2 protein chains.
Amino acid sequence: MTLSPLDPAALARSVRAGERRALARAITLIESTRPDHRASAEALLHELLPFTGGAVRIGITGVPGAGKSTFIESFGLHVLAQGGRPAVLAVDPSSPRTGGSILGDKTRMEDLSRDPRAFIRPSPSGCTLGGVARRTREAMLVCEAAGFDVIVVETVGVGQSETAVADMVDMFLLLLVPGGGDELQGIKKGIVELADAIIVNKADGDLAIAAARAARDYGNALHLLAPAATGWRVPVLTCSALTRTGIDSVWKTVCEHRDALGANGALAARRAEQARAWMWNEVSETLLQSLREDSRVAALLPEMEQSVASGRVPPGAAARRLVALFKGE
Amino acid sequence: MTLSPLDPAALARSVRAGERRALARAITLIESTRPDHRASAEALLHELLPFTGGAVRIGITGVPGAGKSTFIESFGLHVLAQGGRPAVLAVDPSSPRTGGSILGDKTRMEDLSRDPRAFIRPSPSGCTLGGVARRTREAMLVCEAAGFDVIVVETVGVGQSETAVADMVDMFLLLLVPGGGDELQGIKKGIVELADAIIVNKADGDLAIAAARAARDYGNALHLLAPAATGWRVPVLTCSALTRTGIDSVWKTVCEHRDALGANGALAARRAEQARAWMWNEVSETLLQSLREDSRVAALLPEMEQSVASGRVPPGAAARRLVALFKGE
């Protein structure tokens, strides 16, 4: 998609006025890696920033086959029915955006994508997780400025992106299916501890009883292994995204979590800390990228990494040499 | 402690010959922040590196009051009885090393510290976790070159240091006490998922039954929440460090874990990946430190962090500005 030259202030006004094409264009601008686009994107964000922060920010992950798309669609429709305005963003560094995958995203949430009050955006293209995460964070802010008040950020649950998503949302949901003790097979270590709530999907038909039992077992296990340090005890719910039952309970839990965090100032503190950490992450990534792109470093790097991995050079000494090269010392 | 000028090659020879004072001096050199000492330390490590890697590297954490010192002492004595040579290193960024705390460390492991075949080193002084972790990693290598074949790295279990320790060892142990469901109170979120084995200590006297029950409950919960993705199912053991019972089972588990990892090449891969990650961590930390110390950055930084935290400046834009200042653009 080619962007015509555009005044960031004018684009910001159109975004705030709720113009859909402006919103799509703003996010495309944010996803662009062209330096001049990046400067415009930052100017745009600067304009929009005072109007952000009003949404409930929710991250969702789950094992493959847990029914994430169906769940997000049912959840989004419930939000609409409550008078809310949902936006769905995807984080999946491994799936480059193609015409096919946009179509895929829209197809898999057909009812939701048809509603003009909802917004669905597929994962941006981009090779690094850091890049994708940055753009998704910024797209979230744009959606907030455009008036969306429930942002759902979806991640695939098997890669590196879950921590990045947990670091940009207010609440992180883990979607499971009843599977007789194998529910978590294939999910990455550490993801359970990121969850602010666990939802056992597919609690319908033959699986209804198994889902209730799985939820009870998870509740007991969580009680033992992950006590509520922050005053929030991680609940385990069941639902059927297919029959759209139990979705109201999920929404109620989201509201309770928000109230619990909001009441003691934890939400504001969490968001401030997330913003600070995000700044430092970007500083760090930018510096590392500069270092990697330095011709003197690049010439030495493969050999150096190999020597460190094989135990021939101490990692500290290698690091010192790379930094010295980079700084031209 | 003042270091006299010393030839790193000569010091390395003395370390390898098993001279205790050389070992202590080598670690003191590694802990020094003086630039000339750092250069000597790196030369020393370079000499020693070919003779490292022979130890079983074990990390231990636990809730306060879990009896870590007593456990490490019993465990170390068991290693000695098996003909092994244990070294104990501590990582605790919050406790500066003083005469008192050295005494403390030696006192709390009296029997072990009295044995000439064992070595106990308290936490190095140093304000940053990164600094302490780096020195501990390097001290571990020095101990290996000196012939110690079981290295125990202790961490306090409530701070930031557990991930750093898990990233430098082959196996990470979590020590708990039977506490009627409150076993994990006070422990940081995410630590359970780092554990390669869980040990319920204080399984003696009145608590013996409670310890067995806690171990069974943890085993069930872990089975549900943390399935063995890598082919290693996290075991839950009981022991009494006080009466020195069950320590043999812990040692047996350590050996089984090592065999399991060693058999499929996972141990070598894990250590190579740890070394590579360590190098990149040091590169990143060094670059960030340079940036923070840059006078132009330092002048702007407090205001910038505040603006980002309060949502007045987008984190990405702030990061770009800081890096541009640093690079003199």
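**View 1. Helices α12 and α13 of chain A in a predicted model.** In this predicted model, the axes of helix α12 (residues 295-309) of chain A and helix α13 (residues 315-326) of chain A come within 10 Å and cross at roughly 180°, which makes α12(A) roughly antiparallel to α13(A). Angles over 145 degrees count as roughly antiparallel; axes are lines fitted to C-alpha atoms over the stretch in contact, with angles from 0 to 180 degrees between N-to-C directions, and helices are DSSP runs (H or I, at least four residues) numbered from the N terminus.

**View 2. Residues where α12(A) meets α13(A).** Contact here means heavy atoms within 4.5 Å, and among the residues of α12(A) that meet α13(A) are L300(A), L301(A) and M304(A), while α13(A) contributes residues including A318(A), L322(A) and F326(A).

**View 3. The interface of chain A and chain B.** In this pairing, 59 residues of chain A are in contact with 59 residues of chain B. The buried area, meaning the accessible area (1.4 Å probe) that two parts lose on being put together, summed over both, is about 5,400 Å², of which carbon and sulfur atoms give 71%.

**View 4. A salt bridge between the chains.** Two salt bridges are found across the interface of chain A and chain B, each defined as a side-chain nitrogen of Lys or Arg within 4 Å of a carboxyl oxygen of Asp or Glu. R320(A) forms one with E42(B), and their closest N and O atoms are 3.0 Å apart.

**Notes.** Residues are numbered from 1 along each chain as its sequence is written, and chains are lettered from A in the order in which they are written. Local features need pLDDT of at least 70, side-chain atom pairs count only at pLDDT 80 or more, and totals for chains, interfaces and linings use all residues, while side-chain values use heavy atoms, leaving out hydrogens and water.

Conventions. Helices (H or I, at least four residues) and strands (E, at least two) are DSSP runs, numbered from the N terminus. Angles under 35 degrees count as roughly parallel, over 145 as roughly antiparallel, 65 to 115 as roughly perpendicular and the rest as oblique.
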